[in-house]
Amino acid sequence: MPTDATYDLIIVGGGPGGLTAGIYAMRAALKTVLIEKSAYGGQISLSGEVENYPGFEHISGYELCEKLQKHAESYGIEMIQTEAVAIDPGMDIHSVRLEDGRTLQSHAIILASGGNPRKLGIPGENEYYGRGVSYCAVCDGFFFRNKTVAVIGGGDSACEEGLYLSKLAKKVYLVHRRDALRASRILQQRVQNDCHIEILWNKIPVEVEGGDAGLRAIRLKDTQTGETSELAVDGMFVFVGFSPNNALVPAGVRMTPEGHVITDEKCETAIPGLFVVGDLRQKYARQIVIAAGEGCTAALAAAHFVENKKARLADSCELSE
Ligand code: NAP
């Protein structure tokens, strides 16, 4: 396969895991390139406020992304904005194929491709996407100033984004399928104390209704009684979890039934030199600080891996001379 460039390390994904890996890789003097297909910062670029990244009591998702990107750039890391379309592991060297037709090679790869918001999969959801249905409060909340919206989900994302929307919208319905929220206690308390938010317990949306002007209502089903009802809203924001972006995971790498990659404590997969960090990696909790920590672990382990590999290659050259 013709190669356009060879590196010590290729990082795929520019979220907190990938960018932190970039910082540590550059400090370890690895020749590194980071590939990101869209905005640096990953999912946090879509977050309103971040309040649990140590050292920052309050910081906007956008500002934290910018800081992480600038920190990585300060070490002179090469960054390419395009999509990685395939990872081809090799015995001697790994390859990453890019959408623009180039193929890059490296001794080690850190895959930090994160995840995408999960959809509900109900009638009307795709039809009204961008016309009332959204998966990003920071991106689209502005269009719902003084309007009525529904937020679907009961986790940290639904509560955080519901609180963000309550500052813009006239009324926010938080629609949750059970009678208890999954979110952290502090977010639960804030949601329950917010006079603009009303929680609709034991309800799931079953259909999005609207017309030429966009979304008009959502049909809800009571998970206890099975009864359905109509909730008139101008917008529906869906936060029902993430699906890991595992399309690039090569054959031979173990995954959970949900599609998260199983690694060892160094974040290394069953393929030597292939590491996985962040939301794609199977773990107990998904937090920005954990993704960053994994980026650090993987980069340190990758540096060790590359050093050993180069030493072995040098030894075998000497023996064959
Ligand atoms: P999550 O924790 O998986 O919560 C998803 C929520 O959506 C749950 O309440 C779930 O209900 C509900 N749900 C799932 N499928 C549904 C469906 N088909 N219909 C209706 N409701 C459905 O996802 P998340 O809130 O996006 O968070 C993902 C991870 O990121 C978590 O580990 C979270 O702690 C972390 N996170 C942290 C922060 C923070 O610390 N500031 C912010 C955002 C996210 P059930 O509860 O009944 O399962």
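What is the area buried between domain 1 and domain 2, and what percentage of it do carbon and sulfur atoms give?

Author: The model is a predicted one. The area buried between domain 1 and domain 2 is about 510 Å², and carbon and sulfur atoms give 43% of it. On the side of domain 1, L46, G48 and E51 together supply 60% of the area that this domain buries against domain 2, more than any other three residues.

Domain 1 is made up of residues 5-116 together with 242-320, while domain 2 spans 119-238. The C-alpha centres of the two domains are 33 Å apart. Where they meet, 7 residues of domain 1 are in contact with 9 residues of domain 2.

E51 forms a salt bridge with R190, with the closest N and O atoms 2.8 Å apart. E51 is also one of the three residues named above for their share of the buried area. For polar contacts, the rule finds 1 residue pair across the interface, both residues being at pLDDT 80 or more. By class, the side of domain 1 that touches domain 2 has 2 nonpolar, 3 polar and 2 charged residues.

In the side chain of R182, an N or O atom is 2.7 Å from an oxygen atom of the ligand. G154 contributes through its backbone, where an N or O atom lies 3.0 Å from a ligand oxygen atom. Taken alone, the ligand exposes 910 Å², and the protein buries 79% of that.

Notes: Residues are numbered from 1 along each chain as its sequence is written. This is a predicted model: local features need pLDDT of at least 70, side-chain atom pairs count only at pLDDT 80 or more; totals for chains, interfaces and linings use all residues. Side-chain values use heavy atoms; hydrogens and water are left out. Domain bounds come from an automatic or database domain assignment. Contact means heavy atoms within 4.5 Å. Buried area is the accessible area (1.4 Å probe) that two parts lose on being put together, summed over both. A salt bridge is a side-chain nitrogen of Lys or Arg within 4 Å of a carboxyl oxygen of Asp or Glu. A polar contact is a pair of N or O atoms within 3.5 Å; within protein, one must be able to donate a hydrogen and the other to accept it, and residues adjacent in sequence count only if both atoms are side-chain atoms. Ala, Val, Leu, Ile, Met, Phe, Trp, Tyr, Cys and Pro count as nonpolar, Asp, Glu, Lys and Arg as charged, and the others, Gly among them, as polar. Accessible areas come from the Shrake-Rupley method with a 1.4 Å probe; for residues, only the protein chains shown count as cover.
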